[in-house]
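Colleague: I'm new to this one. Could you show me how to read a few of its features?

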Amino acid sequence: MLTRNCSLLLLCFLMDRGLLSPLHSPPQGRLGKDPPRSMLGLRRNGAQGFQRVKRGWVWNQFFVLEEYMGSDPQYVGKLHTDLDKGDSAVKYTLSGDGAGSIFTIDQTTGDIHALRSLDREEKPYYTLRAQAVDLDTGRPLEPESEFVIKVQDINDNEPKFLEGPYTASVPEMSPVGTYVMQVTATDADDPTYGNSARVVYSILLGQPYFSVDPKTGVIRTALPNMDREVKELYQVLIQAKDMGGQLGGLAGTTTINITLSDVNDNPPRFSKSIFHLRVLESSPVGSSVGRIKAHDLDTGKNAEVEYNIVPGDGGTMFDITTNERNQEGTIVLKKPLDYETKKAYTFKVEASNAHLDPRFHGFGPYKDMATVKINVLDVDEPPVFSRPAYNMDVLEDTVVGTVIGR
């Protein structure tokens, strides 16, 4: 029992002389509250140098609201030391980032004020140093200490799309949910404080064709079987709203011009079932007889057409080729013509796509057929002898008018 009492007396003695501090310090005060009294400090004591004393700075960090519009300087907080007994013997000084120009301190009370409105997006925090000195001697009562004034965010910036307006394309006939593109809006407000920078996306124009993910900004198709041949270009208006999309949040918009790219979902079609052509019987082999065309609503390689003459009696006299520039079929004479032998020819021509898409085979045959009738025109030809020379014999006393030969 005696040993235990002696130990307690020794512990109390050490703490009373400032040689020990409590194992757990109470939490530091916040703005406008009493400062803590648990940190050890140094105090000037004449020739004896510094001796340990308790001090109570409000250290962690202060906060000042950005874009403050009040008529009086904005109160930031109070610095206070345990050595200040309220007898105006302690002088507080402020130095560092913005001291004197942005922040001022009441040398007697330790109250800090901001002299002008601050913008967090311009500078988010300020690092300053404080000193408590003896008003009479000017000597520091404690070592200089550093603290931070953080500019507290308000929702003063709307979300912005930095790269808009955007362009995108998606294949026509795409299934619902096909990815189109992703848009991203940035908000200059503090993402770590409140919802000022929490952006939610919505679609203002472009429904019901497209949708946007509210969190990611990913745009997808929302209707099936969108046909490029019906409507090719869509203009979509996307909104990004902060405060999690709640009422009062700030918003920014951007435009996305979305084009449906072509797929081969249309077969070639002849504009009529019968084509009538005429050709002179004197036309040379290899000459063009005429042109026919099957129209395809697709574009590019999806609209490329191949023409073929369906085997039959009438088609052996002709051939057909495709004009790659305009996708017309040119019928060419393959053999000489004779009006006196045959005056007309009839045959069928098939038009088909050169590049098929297996997804649309079920839509029907990707080809069409038409009949071609060609009339041979007679030409006024000069008489032609059957042989280049004829030999005939006649008696010298033959009567006039007698037939000698043909």
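**Reading the features**

Modeller: Let's begin with Ser-287, which touches Ile-331, Val-332 and Leu-333 (heavy atoms within 4.5 Å), leaving out residues up to four places away in sequence. Keep in mind that this is a predicted model, where local features need pLDDT of at least 70, side-chain atom pairs count only at pLDDT 80 or more, and totals for chains, interfaces and linings use all residues. Residues are numbered from 1 along each chain as its sequence is written, and side-chain values use heavy atoms, without hydrogens and water.

Colleague: Where does Ser-287 lie?

Modeller: Ser-287 sits in the loop between strand 18 (274-280) and strand 19 (288-295); strands are DSSP runs of E, at least two residues, numbered from the N terminus. A polar atom of the Ser-287 side chain is 2.7 Å from the backbone oxygen of Pro-284.

Colleague: How do I read the faces of a strand?

Modeller: In a regular strand, side chains alternate between the two faces of the sheet. Here, strand 10 (residues 166-171) has Tyr-166, Ala-168 and Val-170 on its covered face, with Thr-167, Ser-169 and Pro-171 on the uncovered one.

Colleague: Which strand do the 6 bridges join to strand 10?

Modeller: That's strand 16 (residues 251-261), and the two run parallel. In strand 16, Asn-257 stands opposite Thr-167.

Colleague: And which residues line the second largest cavity?

Modeller: A cavity is a set of points on a 1 Å grid over the protein atoms alone where a 1.4 Å probe fits but cannot get out; lining residues have an atom within 4 Å of a point. Arg-116, Leu-118, Asp-119, Glu-122, Lys-123 and Tyr-126 line this one.

Key:
On a 1 Å grid over the protein atoms alone, a cavity is a set of points where a 1.4 Å probe fits but cannot get out, and a pocket is an open set with protein on both sides within 12 Å along at least five of seven lines; lining residues have an atom within 4 Å of a point. Helices (H or I, at least four residues) and strands (E, at least two) are DSSP runs, numbered from the N terminus. A polar contact is a pair of N or O atoms within 3.5 Å; within protein, one must be able to donate a hydrogen and the other to accept it, and residues adjacent in sequence count only if both atoms are side-chain atoms. Buried means under 20% relative accessible area, exposed over 50%, partly exposed in between (1.4 Å probe, protein chains only). Two strands pair if DSSP finds at least two bridges between them.
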